[in-house]
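Hello,

I am passing a structure over to you, and I hope you enjoy getting to know it. Please have a look at it below first, and then read on for what turned up.

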Amino acid sequence: MAKFPHPEKAILIGIELQGDKSIPIAESMVELARLAYTAGVIVKAKFTQKREKPDPKYCMGSGKVEEIHAAIHTHDADLVIFDQELSPSQSRNLEEDLGVKIIDRTELILDIFAQHAHSREGSLQVELAQYQFLLPRLTGHGVSMSRLGGGIGTRGPGETKLEHDRRRIRKIISDLRKELKKVEQQRALRRAKRRGAAMPLISLVGYTNSGKSTLLNALTNAGVLVQDKLFATLDPTVRRFSLPGGKTILISDTVGFIQKLPHQLVDAFHATLEEVSQADQLLHIVDASSPYAEDQINAVYNVLEEIGAITKKIITVFNKIDLVKDQQPLDELAKKYAPSVKISALKKEGFPELMGLLSN
Ligand SMILES: Nc1nc2c(ncn2[C@@H]2O[C@H](COP(=O)(O)OP(=O)(O)OP(=O)(O)O)[C@@H](O)[C@H]2O)c(=O)[nH]1
Ligand SMILES: [Mg+2]
């Protein structure tokens, strides 16, 4: 599937809904900006608005729409990114009134995944998620299949064409599912073989950018790509590792999680996430230097729950301690999420303590 050609300049928008129990809007907006940066977009301005509930037409109020219209001109922006999921009609209305492409957090994450998918398995899974996202959004106006080709402001197909497009997409989705079934079977075979070798499988899980791949590389010279960008890793890598006591284990590194991880991705990445749901034990890597560490822990727990892995034995690994100045809040978190250990994967600090926990 073709990727979005990236417009350069974007305006970010977040709506703070009364009574919303998820993470604070300021934190969510910082993350949205990092996602935008990862996708190769330059952020020109950010707007937030408090509301009781989303406006059915625009998600935000019409006064705000005018403000954003002016900002688009001032900054010569060609993209508006919403922090929350928009309904297909909201996105259509905004696109018509603002005259630029409108995407939401889910589409941005899907696009990053599309940019970072290199293996056949990864590409198949991303494509499945993209088509699942697209299907309910195919309407007579606005979003159309041609949008996948990247044309800004493309009008939708007529009704006959539309039904044809829908049928075509359903067929593509069912073909992708069939192909992914085969991938899953191959993974299951490989896992069965590993089981035969009787080595426990430990899966690294954690928020994106927490340092999972850095740790795997430090332990095993796996050579996995490490980047200060979100979702650098999509494909699972499994390596053998000998503990100081002589016991050998297998460690897998896989895709990171994020708050509001699009459900289409969780569903499509079934084959990849099996490395987590089938593991004997989880190492949960937390970026201890993030002011949002505990929110990130909770976001990871939500995904673990969704994939049926929350009841596994979890060791919490507080990483990046070389960047932590105030030890006290970290010590409290470490106690709360015990068994836990504090390390720096980059500086290779705290490894003996980690080995100690893994040997138990
Ligand atoms: N200072 C410091 N930086 C670290 C440490 N561990 C990882 N990093 C940095 O954090 C960034 C992300 O590291 P990765 O290992 O790619 O993180 P990841 O969890 O695999 O991320 P994704 O695959 O993108 O989900 C990189 O810039 C690393 O150099 C650490 O202990 N200390
Ligand atoms: Mg990684």
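The shell around ligand 1 is made up of seven nonpolar, eleven polar and five charged residues. Please keep in mind as you read that this is a predicted model.

Which residues come nearest to ligand 1? Of the 23 residues around it, these are Lys212, Thr214, Ala232, Thr233 and Asp322. Ligand 1 itself sits in the largest pocket.

- Gly211 has a backbone N or O atom 2.9 Å from an oxygen atom of ligand 1.
- Gln227 also uses a backbone N or O atom, here at 3.3 Å from an oxygen atom of ligand 1.
- Lys320 brings in a polar side-chain atom, which lies 3.0 Å from an oxygen atom of ligand 1.

How much of ligand 1 does the protein cover? On its own the ligand has 660 Å² of accessible area, and the protein covers 91% of that.

For background, most residues other than glycine have a negative phi, and most peptide bonds are trans. Is Lys320 buried or exposed? Its relative accessible area is 18%, and because the cut-off for buried is under 20%, Lys320 counts as buried.

Phe231 is another residue with a positive phi, near 55°, and it is not a glycine either. Phe231 belongs to the loop between helix 7 and strand 6 (237-242). With a relative accessible area of 1%, Phe231 is buried.

Which peptide bond is cis? The bond from Ala338 to Pro339 is, with omega near 0°. To see it, go to the loop between helix 11 (327-336) and strand 10 (340-342), where Pro339 is found.

**Buried places in the helices**

Now for some helices. Helix 9 covers residues 270-277, and seven of its eight residues are buried, so the helix is mostly covered. The buried ones are Ala271, Thr272, Leu273, Glu274, Glu275, Val276 and Ser277.

In helix 6 (residues 159-196) you can pick out Arg187. This arginine is buried, at a relative accessible area of 8%. What does the side chain of Arg187 meet? It is joined to the side chain of Glu121 by a polar contact of 3.0 Å.

Helix 5, residues 120-134, is where Gln130 has its place. Gln130 counts as buried because its relative accessibility is 13%. Along the chain Gln130 and Asp111 are 19 residues apart, and their C-alpha atoms are separated by 8.5 Å.

Happy exploring, and best wishes

Key
Residues numbered from 1 in each chain as written. Chains lettered and ligands numbered in written order. Predicted model: local features only at pLDDT ≥ 70, side-chain atom pairs only at ≥ 80, totals over all residues. Heavy atoms only, no water. Helix = DSSP H or I, 4+ residues; strand = E, 2+ residues; numbered from the N terminus. Buried < 20%, exposed > 50% of the residue type's maximum accessible area, 1.4 Å probe, protein only. Near = heavy atom within 4 Å. Polar contact = N/O pair within 3.5 Å; in protein donor to acceptor, adjacent residues only side chain to side chain. Areas by Shrake-Rupley, 256 points an atom, 1.4 Å probe, with all protein chains shown as cover. 1 Å grid on protein atoms, 1.4 Å probe; cavity = no way out; pocket = protein on both sides within 12 Å on 5 of 7 lines; lining within 4 Å. Sits in = over half its atoms within 2 Å of the grid points. Nonpolar A, V, L, I, M, F, W, Y, C, P; charged D, E, K, R; others polar.
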